[in-house]
Every structure is written in structure tokens, then in C-alpha cells.
Amino acid sequence: MVAQITTAAQASRRRAYVAQTGRQTEIDRLSTEREKTGVFTGAYAINPFNGARVPIWIADYVLVTYGTGAIMAVPAHDQRDFDFARAYGLEIIPVFDHEDVDVTQPLTAAFSHGRRMVNSGPFDGTLERAVRPCRRLRRERRASARPP
């Protein structure tokens, strides 16, 4: 799938990166001590909550044997994604607030839990514990938008 979504302008970078990453062991790639690396595919996904374009990257710390092998990074709330985003100058947008963090200022570290959703379009103000119903609503909206 990565080859299919990679733009012509990024194809040679992607091929070189995949070859380089393929020489690393899974243990090396899982290490929390080493720098995370990646390359932009040139493609974008659409954030299902707010409709924003999200750049699609491939990264060596995303493994098919851990989870699904694909992620929608939310770097404000996962330290590995935060480190990657900082290294590559990607936006770090909190999607919920926290009593000890001023989410209107640049973050210095990820935080994993919060109170209310922010920067999430129609879900702003939703309590974190109510996120599952938001996901269900998003799936319903996507299903109703599909052509018959």
C-alpha cells in the first residue's frame, strides 16, 4: 500500500528508506532509546474528526507485529509519536486538555490522559471518558457517506 500512495517526487526516498529499515532488526526498531526515523510519502489522509489534511509518513518504529502496523499518530498524547513529530517538524495538536498542561502553548512532552476534547471539531468539550461514543458516531457518519 505504501508504494501505491507514495508520490513520484517521494518514490526514490521511500525506496531507499524501506531498504535501509529492512536491514534493522525488530528489536532495534522497538528500542525506546534510539532516534525514530521516517520519510514522508507525499500523500495525505483526511482527519475523520475535523477534516484536516494529515501527512502520511512511514516510520521505523511502526511495526506490523505490534498493533496493525499503521497508526494515526496523535503526538500530543504518545511520547514516541511526540518524539517523531518533533524530529521532523510535524504539528503537535492536543486533542484533549489536562489540568496540569496549558494546551494553548507548545508542549514539552506528550501527556496520555486529559479531561475534555479540544481541536476536535464538533467533539470539542466532550469528556475523555465519552470518546467511545464519538468514535461510534464517526463510524456511522462514514458509513452513511459511502455510496450504495
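Colleague: Which residues do ring pairs link into a cluster?
Modeller: Phe40, Tyr44, Trp57, Phe84 and Tyr88 are linked by ring pairs into a cluster. Rings of Phe, Tyr and Trp (its six-membered ring) pair if their centres lie within 6.5 Å; planes under 30 degrees apart count as stacked, over 60 as edge-to-face and the rest as tilted. This is a predicted model, where local features need pLDDT of at least 70 and side-chain atom pairs count only at pLDDT 80 or more, while totals for chains, interfaces and linings use all residues. Residues are numbered from 1 along each chain as its sequence is written, and side-chain values use heavy atoms, with hydrogens and water left out.

Colleague: How many aromatic pairs does the rule give?
Modeller: The count comes to six aromatic pairs. One of them joins phenylalanine 40 and tyrosine 44 in an edge-to-face arrangement, with 5.5 Å centre to centre and 70 degrees between the planes.

Colleague: Is phenylalanine 40 buried or exposed?
Modeller: Phenylalanine 40 is buried, at a relative accessible area of 19%; buried means under 20% relative accessible area, exposed over 50% and partly exposed in between, with a 1.4 Å probe and protein chains only. Tyrosine 44 counts as partly exposed because its relative accessibility is 38%.

Colleague: And what about phenylalanine 84 with tyrosine 88?
Modeller: That aromatic pair is tilted, at 4.7 Å centre to centre and 35 degrees between the planes. Both residues lie in helix 4 (residues 79-88), four residues apart, which is about one turn of the helix. Helices (H or I, at least four residues) and strands (E, at least two) are DSSP runs, numbered from the N terminus. Phenylalanine 84 is buried at 5% relative accessibility, while tyrosine 88 is partly exposed at 28%.

Colleague: What sits over the ring of tyrosine 44?
Modeller: The charged end of arginine 53 does, 3.8 Å from the ring centre. The criterion is NZ of Lys or CZ of Arg within 6 Å of the ring centre and within 35 degrees of the ring normal.

Colleague: Back to helix 4: which of its residues are buried?
Modeller: They are Asp81, Phe82, Phe84 and Ala85. These residues are on the same side of helix 4 because they cover an arc of only 165 degrees around the axis, the arc being that of the directions from the helix axis to the C-beta atoms.

Colleague: What do they pack against?
Modeller: The buried residues of helix 4 pack against strand 1 (38-46) and strand 2 (53-59), where contact means heavy atoms within 4.5 Å.

Colleague: Which residues make up the largest nonpolar core?
Modeller: Ala76, Phe82, Phe96, Leu107 and Phe111 are its five residues. Such a core is a set of buried Ala, Val, Leu, Ile, Met, Phe, Trp, Tyr and Cys residues joined through side-chain atoms within 4.5 Å. Leucine 107 touches Ala76, Phe82, Arg86, Ile92, Pro94 and Val101, not counting residues up to four places away in sequence.

Colleague: New topic: how many salt bridges?
Modeller: The count is one salt bridge, the rule being a side-chain nitrogen of Lys or Arg within 4 Å of a carboxyl oxygen of Asp or Glu. Aspartate 97 forms a salt bridge with arginine 115, and the closest N and O atoms are 3.5 Å apart. Both partners are in the loop between helix 4 and helix 5, 18 residues apart. Aspartate 97 is buried at 15% relative accessibility, whereas arginine 115 is partly exposed at 42%.
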